[in-house]
There are 2 protein chains.
Amino acid sequence: MAESDAKTPRERYRAQVREEIKKHAWEQIADAGASALSLNAIAKQIGVSGPALYRYFANRDELITELVRDAYRSLADTFRARAEAGADLAELAHALREWALADPQRYFLVYGTPVPGYRAPEDTTRIASEMMAVLLDACAAVAPDASPAAPLDDHLAEHRAWARDHQAPPSALSRALLFWTRLHGVLSLELAGHFTGMGFDPAELYAAEIRALANP
Amino acid sequence: MAESDAKTPRERYRAQVREEIKKHAWEQIADAGASALSLNAIAKQIGVSGPALYRYFANRDELITELVRDAYRSLADTFRARAEAGADLAELAHALREWALADPQRYFLVYGTPVPGYRAPEDTTRIASEMMAVLLDACAAVAPDASPAAPLDDHLAEHRAWARDHQAPPSALSRALLFWTRLHGVLSLELAGHFTGMGFDPAELYAAEIRALANP
DNA sequence: CGCGTTCGTTAGAAGTTATAACTGGCAGCT
DNA sequence: AGCTGCCAGTTATAACTTCTAACGAACGCG
């Protein structure tokens, strides 16, 4: 998958085994969730005996953290790829939904229930910032509306540390934040199954939010 | 806490012990999440030995399911109580946020990452319907806007099975759904810590969404 | 070609959930 | 009041889990 460009044969083998471990880990997560991930079961599937995996991951948490990292990277990559292909806000939204529906548990690995004590590693927050930069670009490209600055705009104008040095206007900051929270709201409830049996189509709800975000 | 109105002393004692088990379970969940809940640890805290708890809960899942049930009931109760006190949509929204902030892990027990195979028990969906009914009442009480019917309204007009026999107009159905998804979007990201370090106040974002929902 | 790093093994400790079998005491009925 | 039966809580045990320690073997680098 990723960094197979290693020098020594040992490192190449090592990266290969790590990828195989992660592959089986993803399969387990896909059909039982991250909390049910069992190192022993992975070892059995690969054909090695339990403790062998500890040569590749210090412990279960490190493996899961690595999967979280990959999930973040995957989302950021699809996001950036679409943006570089000239996607507007609506197309980014659809990309997000496709990415989420492709593997719900992967989505939950990024945006799901956190363990109270857990500190996200530095690079995931860095990747999140990259995604936010892409999103801010798309929001800044939207034709500015004539409506007066809302209270949220004013607040964000004074608290824009999260936008780094991005020169987006306050209205774009608001739009980016609302893009994030509203789409996540629909997506996470849909993926968690809270809409099942209600009879309506979540895609319609999602589309409605996209329209609302495009022209506020 | 709840049904202490039992007939026989045995039943009363039994209900009391169940409540004590759940009390310690909530404490564990509050500071380590539901996945870290340990029956053994609870037994140790109470002062009995491991397997004793199986007299009161068939297994770990049944205990967690019971906690989920209680969480649903708690949310529905605060919701209904506020509504009966004459709360409008904005006040219901604030009640939701207070309830969520009071115990984030309780919120995640209801709206967090689901276990793929898990089927929610019948009564939780029934409680969810009750909450939706309260929400629909509040939405129907909002002054109808003059704006033409949006595509979402049209879709929901034909797919309103989830509203049961509630006579709310399509615009109210839309508003209720958006109330749910948008507020959940902000809340769940806030509780999961995705806003920490970004520098803005999540309450401002939440308030902005409430304003947007009040006059669309 | 040797030597050292590293990989995989087995053994085992310390947890977990959950079941089985036993014992003690309380409750309720006569 | 006394007897009886149910039931709570016990220990023992099985089958898991993560993870450490110590050992042997294989691989690759100098």
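This is a predicted model: local features need pLDDT of at least 70, side-chain atom pairs count only at pLDDT 80 or more; totals for chains, interfaces and linings use all residues.
Let me begin with how the two domains of chain A meet: six residues of domain 1 are in contact with six residues of domain 2, where contact means heavy atoms within 4.5 Å. Residues are numbered from 1 along each chain as its sequence is written, chains are lettered from A and ligands numbered from 1 in the order in which they are written, and side-chain values use heavy atoms, with hydrogens and water left out.

In chain A, domain 1 covers 1-57 and domain 2 covers 68-214, with bounds that come from an automatic or database domain assignment. Their centres, taken over C-alpha atoms, are 30 Å apart. Between them about 490 Å² is buried, and carbon and sulfur atoms give 67% of that area; buried area here is the accessible area (1.4 Å probe) that two parts lose on being put together, summed over both.

What salt bridge do we find here? A:Asp70 pairs with A:Lys22, with the closest N and O atoms 2.7 Å apart, under a rule that asks for a side-chain nitrogen of Lys or Arg within 4 Å of a carboxyl oxygen of Asp or Glu. On the side of domain 1 of chain A that touches domain 2 of chain A, there are four nonpolar residues, one polar and one charged.

Let me now turn to DNA strand C. Of the atoms of DNA strand C within 4 Å of the protein, 63% belong to sugar or phosphate, and the rest belong to bases.

Which parts of the strand do individual side chains approach? For A:Tyr13, a side-chain N or O atom is 2.8 Å from a phosphate oxygen of DNA strand C, and for B:Tyr54 a polar side-chain atom lies 3.4 Å from a phosphate oxygen, whereas for B:Arg10 a side-chain N or O atom is 3.3 Å from a base oxygen. The elements giving two or more residues to the surface near DNA strand C are helix H1 (9-32) of chain A, together with helix H1 (9-32) and helix H2 (39-46) of chain B; helices here are DSSP runs (H or I, at least four residues), numbered from the N terminus.

Definitions and conventions: Ala, Val, Leu, Ile, Met, Phe, Trp, Tyr, Cys and Pro count as nonpolar, Asp, Glu, Lys and Arg as charged, and the others, Gly among them, as polar. A residue is near a molecule or strand if one of its heavy atoms lies within 4 Å of it. A polar contact is a pair of N or O atoms within 3.5 Å; within protein, one must be able to donate a hydrogen and the other to accept it, and residues adjacent in sequence count only if both atoms are side-chain atoms.
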